[in-house]
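Please keep the sequence and the model at hand while reading.

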Amino acid sequence: MPAVVVNNIVKTYGKKKETTALHGISFETAPGELFGLIGPDGAGKTSLFRILTTLLLADSGTASVNGLEVVKDYKAIRRKVGYMPGRFSLYPDLSVEENLNFFATIFNTSIEENYDLIRDIYVQIEPFKKRRAGKLSGGMKQKLALSCALIHRPDVLFLDEPTTGVDAVSRKEFWEMLKGLKAQGISILVSTPYMDEAALCDRVALLQNGKILSVNTPAGIVDDFAWPLLAVKATSMLPLLHHIEKFEGAVNAYPFGEFHHVVMKPGSTAVQLQQFLEHKGHAGLIVKEAKPGIEDCFIAYMKN
Amino acid sequence: MPADKVILVEGLTKRFGDFTAVDHISFEVSRGEIFGFLGANGAGKTTAMRMLCGLSMPSSGKARVAGFDIYKENEKIKKNIGYMSQKFSLYDDLTVKENMRFYGGIYGKSDVFIKDKTKTILEQLHLTAEGDKLVGSLPLGWKQKLAFSVAIFHEPEIVFLDEPTGGVDPVTRREFWNLIYEASASGITVFVTTHYMDEAEYCKRVSIMVDGRIDALDTPANLKLILGAESMDEVFLKLARKATRVES
């Protein structure tokens with residue numbers, strides 16, 4: 001049985017349904033899978049999470065979590081899932097320990113009963129267990145929220161942008177924690193606007209403006225990138241980009257870290273681009289083949 | 001102060017009780033430079049930025065921003081800088097033009113200036129047709145680009161950008177950086193924080209804060225060379241992992 005099934009879900013907002021957040025999207029996630037929803041703000045990630053956690057009704061379409069239907073079986077789903085919303089959603093005036101106890105009690109369990117599941121995460125904040133949740137730093141709030149979402153040992157965990165606004169080091173740590181949870185058999189649906197985090201998921205759906213651009217493994221998405229890709233660098237990067245845009249053999253060019261990435265038409269070669277740019281007088285020119293990443297693929301989907 | 005240095009910081013320190021949030025930081029930023037201000041959560045970036053914007057008094061140290069002393073002339077600093085963050089930017093329930101009139105008015109600009117500048121910006125962003133639309137109705141990507149243009153509406157010496165591209169799609173993120181390049185070329189100094197390490201590459205120089213101190217400050221190319229790293233991501237991880245301060 002799949003962990004999550006989303007079948008042609010449509011969600012609109014507004015009196016006249018003038019804003020469409022989800023345009024009939026469909027996908028399935030497997031049990032124990034770490035599945036990523038990758039997309040910028042406004043892609044529809046939070047609407048989808050709220051529908052799957054039975055907090056919001058879709059206009060049409062069906063969805064289920066562990067075989068339970070989101071409308072009919074909403075009470076059963078609520079007992080079986082953990083949900084960490086994008087905004088810090090704990091009680092700021094309760095201490096770390098009180099928050100955790102509260103959520104355990106609500107689900108008729110205790111911290112002791114499921115401590116093994118949260119141990120690796122909770123030990124990092126345990127020294128501060130008497131501190132009010134509202135006084136915690138961002139990274140610590142995130143760890144507490146994750147502990148609270150796990151304390152009833154859910155079958156499926158929903159994490160809405162857990163790493164947004166979090167620095168690169170804490171983000172890496174967070175993904176390590178997710179790997180640990182996956183190893184314990186929990187199915188995870190996680191959303192992120194950071195394209196580089198897609199590589200850490202088993203499979204991902206790329207989402208933009210309420211539509212799915214692609215569902216695949218990270219490697220599969222990259223393999224689907226159909227064009228030759230070059231990385232180009234020179235002393236003056238901005239004029240370089242303007243010149244590349246004038247090169248007829250290029251489909252698209254954009255800054256990518258210390259290089260510009262150039263998507264080439266089939267048949268156009270690096271040598272042709274090199275000669276074109278040398279002719280424009282660029283110093284320190286480097287033109288080399290590049291491997292596309294998820295972000296290159298996302299940009300390509302957006303341009304088509 | 002040398003005319004081309006628009007930010008001069010020497011031994012700047014901020015203590016909260018017995019906690020030193022910013023610990024004797026020193027650096028200079030040149031006119032028109034794009035300066036990346038990086039650090040892990042809790043490293044002291046926001047506290048440092050608040051002092052430079054004249055919003056928080058230092059415990060010790062010296063700093064001049066846009067030619068003004070941060071102790072005695074912080075009101076003058078506020079008039080000569082722009083600020084934008086992902087969280088706070090424009091008023092959703094005002095139109096595009098109303099937002100510009102509001103910000104122009106706050107900074108004491110004349111009606112003629114506001115009118116001309118509004119026209120220029122709308123043309124530059126290809127938003128002329130949307131001038132009378134509520135900002136709340138615009139797509140997020142447009143809003144962020146508009147927010148940046150409004151932050152430099154009054155032609156400040158320096159613009160402070162606090163994670164301006166968080167959550168923005170990869171195409172818009174790059175368009176946003178084009179606006180930053182244009183502002184820099186027109187002489188506006190850009191002081192920017194980001195969690196996207198590829199964006200650190202777009203800065204002329206980058207500083208990395210660890211535990212309240214500036215641990216490294218150089219061009220991205222030199223930082224990679226010094227630390228033997230392939231990418232800025234690796235540079236950041238190597239430095240930030242040294243942090244011993246417990247997040248509090």
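Which residues of helix 8 of chain B are buried? In this predicted model, helix 8 of chain B spans residues 220–227, and its buried residues are B:Pro220, B:Leu223 and B:Lys224. These three lie on the same side of helix 8 of chain B because they cover an arc of only 95 degrees around the axis.

The buried residues of helix 8 of chain B pack against several elements of chain B, namely helix 7 (197–200), strand 9 (205–210), strand 10 (213–218) and helix 9 (232–240). After helix 8 of chain B comes B:Gly228, which has a positive phi, near 60 degrees.

Across the interface of chain B and chain A, four salt bridges are found, together with eight residue pairs in polar contact. The elements that give two or more residues to the side of chain B that touches chain A are helix 6 (170–185) and helix 9 of chain B, and helix 6 of chain B supplies the largest share, six residues. By class, this side of chain B has 12 nonpolar, eight polar and 11 charged residues.

Taken as a whole, the interface brings 31 residues of chain B into contact with 31 residues of chain A, and the two chains bury about 2,500 Å² between them, 60% of it on carbon and sulfur atoms.

Technical notes: Residues are numbered from 1 along each chain as its sequence is written. Chains are lettered from A and ligands numbered from 1 in the order in which they are written. This is a predicted model: local features need pLDDT of at least 70, side-chain atom pairs count only at pLDDT 80 or more; totals for chains, interfaces and linings use all residues. Side-chain values use heavy atoms; hydrogens and water are left out. Buried means under 20% relative accessible area, exposed over 50%, partly exposed in between (1.4 Å probe, protein chains only). Helices (H or I, at least four residues) and strands (E, at least two) are DSSP runs, numbered from the N terminus. The arc is that of the directions from the helix axis to the C-beta atoms. Contact means heavy atoms within 4.5 Å. Buried area is the accessible area (1.4 Å probe) that two parts lose on being put together, summed over both. A salt bridge is a side-chain nitrogen of Lys or Arg within 4 Å of a carboxyl oxygen of Asp or Glu. A polar contact is a pair of N or O atoms within 3.5 Å; within protein, one must be able to donate a hydrogen and the other to accept it, and residues adjacent in sequence count only if both atoms are side-chain atoms. Ala, Val, Leu, Ile, Met, Phe, Trp, Tyr, Cys and Pro count as nonpolar, Asp, Glu, Lys and Arg as charged, and the others, Gly among them, as polar.
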